[in-house]
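Visitor: Hi, I'm new to this one and would like a walk through it. Could you show it to me before I start asking things?

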Amino acid sequence: MSTRRIRLDVAYDGTDFSGWARQPGLRTVCGTLEAELAKVLREPVTLTVAGRTDAGVHARAQVCHFDVDPAGLDQRSLDGRPENLVRRLARLLPDDIAVMGARWVSDEFDARFSALRRHYEYRLTTAPWGADPVRARDTAAWQRQADVDLVRQASQRLLGLHDFAAFCRRREGATTIRELQRFDWRVDPDPRGPDAPGAAEVWTASVSADAFCWSMVRSLVGGVMAVGEGRRSLDWISGLLSETERSSAVPVAPARGLTLVGVEYPDDDELAARNALTREVRSVPGGPPAGGGCCGG
């Protein structure tokens, strides 16, 4: 059977999911999507994803792919057009997940290995009463006071190609070497106005890298917030880059504040080269290779 590849662009509220990856007996994004796709296409579907988000983490721009017999799309009232999957799935999927795009792509396109970089946002509020109820599912409540200038300085110290082992939960055979390309913060003032009682700023971190390892973004946020709170120093955050194991001193920020907001890919004629590069063993300047190829995330 000859197959062709379909790319899906997906959004979800991760609050009630046990993460992306399928797990027996648990409600997951992948498991839900695969089950409904199998109903429409009347054949099993296996998805490959750009970033395997953890339980409670959201996505506005997740990307995944799967291979299918193109003849099946003609036989399932889809007129041979994967775009028609969008409306069909909208009638089947629960309200907390949506497929926003579906299209044919090159067989060399790989949602995981072809990605150039992933973009996340982390949203938190300093309001003493917690998150605005209408944004409570995607905003972490931060009860401890922090200095945003120190948070920004700490974030800048982590930019570049490093071994982020101190910030990552170890996965056997996976490298923790990553290139952190962006880590900055936007502060939005209290929407009630400057004279409103209490402080209710919303802080949003924009975090971009070629890939992220397990729990890395939430650990980066937790680490720099510890500096901003005065519990840790700037030298401490810099020193973590020389660690070779997960550091128990790095707090992990709550999952609800994290959202995958974008994944970038090269042009079709560069996909094969990108796939090969991503699978290569990586190393930091002056250091030994670490683990296997870039694992995505």
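Visitor: Leaving aside neighbours within four places in sequence, which residues is threonine 204 in contact with?

Guide: Threonine 204 is in contact with Glu121, Tyr122, Arg123, Asp184, Trp185, Arg186 and Asp188, once its neighbours within four places in sequence are set aside; contact here means heavy atoms within 4.5 Å. Please keep in mind that this is a predicted model, in which local features need pLDDT of at least 70 and side-chain atom pairs count only at pLDDT 80 or more, while totals for chains, interfaces and linings use all residues. Residues are numbered from 1 along each chain as its sequence is written, and side-chain values use heavy atoms, with hydrogens and water left out.

Visitor: Where is threonine 204 found, and is it buried or exposed?

Guide: Threonine 204 is found in strand β9, which covers residues 202-209; strands are DSSP runs of E with at least two residues, helices are runs of H or I with at least four, and both are numbered from the N terminus. With a relative accessibility of 3%, threonine 204 counts as buried, a word used for under 20% relative accessible area, with exposed meaning over 50% and partly exposed in between (1.4 Å probe, protein chains only).

Visitor: OK, stepping back, how many helices and strands are there in the protein chain?

Guide: The protein chain has seven helices and twelve strands. Its radius of gyration is 20 Å, close to the 19 Å that the globule rule gives for 297 residues, so the chain is as compact as a globular protein of that length; the radius is taken over C-alpha atoms, and the rule is 2.2 Å times the number of residues to the power 0.38.

Visitor: What share of the residues is buried?

Guide: Buried residues make up 51% of the 297 residues in the protein chain. As for contacts with a separation of 6 or more, residues 24 or more positions apart account for 73% of them.

Visitor: Let's look at serine 114, where does it lie?

Guide: Serine 114 lies in the loop between β4 (97-105) and β5 (117-125), and it is buried, with a relative accessible area of 0%. Beyond its neighbours within four places in sequence, serine 114 is in contact with several residues, including Glu108, Phe109, Tyr265 and Asn275.

Visitor: And what does the side chain of serine 114 make a polar contact with?

Guide: The partner is the side chain of asparagine 275, at 2.6 Å. A polar contact is a pair of N or O atoms within 3.5 Å; within protein, one must be able to donate a hydrogen and the other to accept it, and residues adjacent in sequence count only if both atoms are side-chain atoms.

Visitor: New topic: which value does phi of aspartate 79 have?

Guide: Phi of aspartate 79 is near 55°, a positive value in a residue other than glycine. Most residues other than glycine have a negative phi. Aspartate 79 is in the loop between α2 (70-75) and α3 (85-90), and at 60% relative accessibility it counts as exposed.

Visitor: What about phi of serine 215?

Guide: Phi of serine 215 is also positive, near 70°. Serine 215 is found in the loop between β9 and α5 (216-228), and with a relative accessible area of 5% serine 215 is buried.

Visitor: Last one, where is the place of glutamine 23?

Guide: Glutamine 23 is in the loop between β1 (4-12) and α1 (29-41), and at 34% relative accessibility it counts as partly exposed. A polar atom of the glutamine 23 side chain lies 2.8 Å from the backbone oxygen of serine 18.
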